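I opened a new page for this model. My notes follow the order in which I looked things up.

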Amino acid sequence: MKTISSPLLSLFSDITALFTTRHGGVSKPPFTTANLAFHVGDDPRDVLDNHDMLAKFSGYDRTKLIHMRQIHSDRIVLIDERINFDTPPECDALITNRPYTPLMVMSADCTPILVYDPVQRVIGAIHAGRAGALNAILPKTIERMGETFGSKIEDIRISMGPSIHGCCYEINGQIGAEVKEKGYSEALRKEGERLFLDVNTVLRQQLDALNLPQEHLEVIAACPACKSDTYFSYRADRQHTGRIAGVIFLR
Ligand SMILES: [Zn+2]
């Protein structure tokens, strides 16, 4: 499995945090090769093989991994014993303080976000596309970590993985108006008649509003639509494609 580790989160020796690329798996076109999603039409045996390889490479038990049926919502799930690999909850954020319980977020253009609070030892994995970001899934997850585990904003570290940038994410005027109305004009870019959105700018603005220390945030890796040779991109691959993932676990 070809992965990229988070420089920010790698500073902590009691967690593992990484993002996958499309390389190093066994899936066939158009899912070549490291697709991790079961719902996109790929051969489930290949997907399971990819999961097993990633687990072995990363040092966790694949059956302990929790992934999500992502629905572009603001629904957050706290891990309990009823949830396992075969019963992914319908949500867009997972949080836990359980060791060796890897959390996974999948994406192809949307922003995969990994969160760590080294003081309370709590981790999170968040799926933030345009809808999720505009519904404040990121600040809501941080709020839930505070309510449930006593996490404080000044302790939290956040890594945003490979996600479509303002260079490639073209939107229509109606969405543009909604973005503006919600106070995120800074995330919009005009190019003649065309309008582009940078979701990470929305997310960054939300973190600024919470006073997250700037050095506790990183945005790693390039835009998948620009680099579809390295990552799956829903837009660049014309929707029929696989999913990369962000994975985090406490040791
Ligand atoms: Zn791009």
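Is Ser58 buried or exposed? I found Ser58 buried, because its relative accessible area is 12% (buried means under 20%, exposed over 50%, partly exposed in between, with a 1.4 Å probe and protein chains only). This is a predicted model: local features need pLDDT of at least 70, side-chain atom pairs count only at pLDDT 80 or more, and totals for chains, interfaces and linings use all residues. Residues are numbered from 1 along each chain as its sequence is written, and side-chain values use heavy atoms, with hydrogens and water left out.

Next I placed Ser58 in helix α1, residues 44-58. Helices (H or I, at least four residues) and strands (E, at least two) are DSSP runs, numbered from the N terminus. Leaving aside residues up to four places away in sequence, Ser58 touches Thr16, Leu18 and Phe249 (contact means heavy atoms within 4.5 Å).

Then I turned to the zinc ion. Cys167, Cys168, Cys223 and Cys226 coordinate the zinc ion through their SG atoms, at 2.2 to 2.3 Å. Donors are N, O and S atoms within 2.8 Å of the metal (3.2 Å for Na, K and Ca). Cys167 sits in the loop between β8 (157-160) and β9 (170-171), and Cys226 in the loop between β12 (217-219) and β13 (244-250), so the pair ties together parts 59 residues apart in sequence. Cys167 is partly exposed, at 38% relative accessibility.

Last, I checked a sheet. Three strands form an open sheet in the order β9-β11-β10, with antiparallel pairing. Strands pair if DSSP finds at least two bridges between them. The edge strands β9 and β10 (188-191) each pair on one side only. Glu170 has Phe196 in β11 as its bridge partner.
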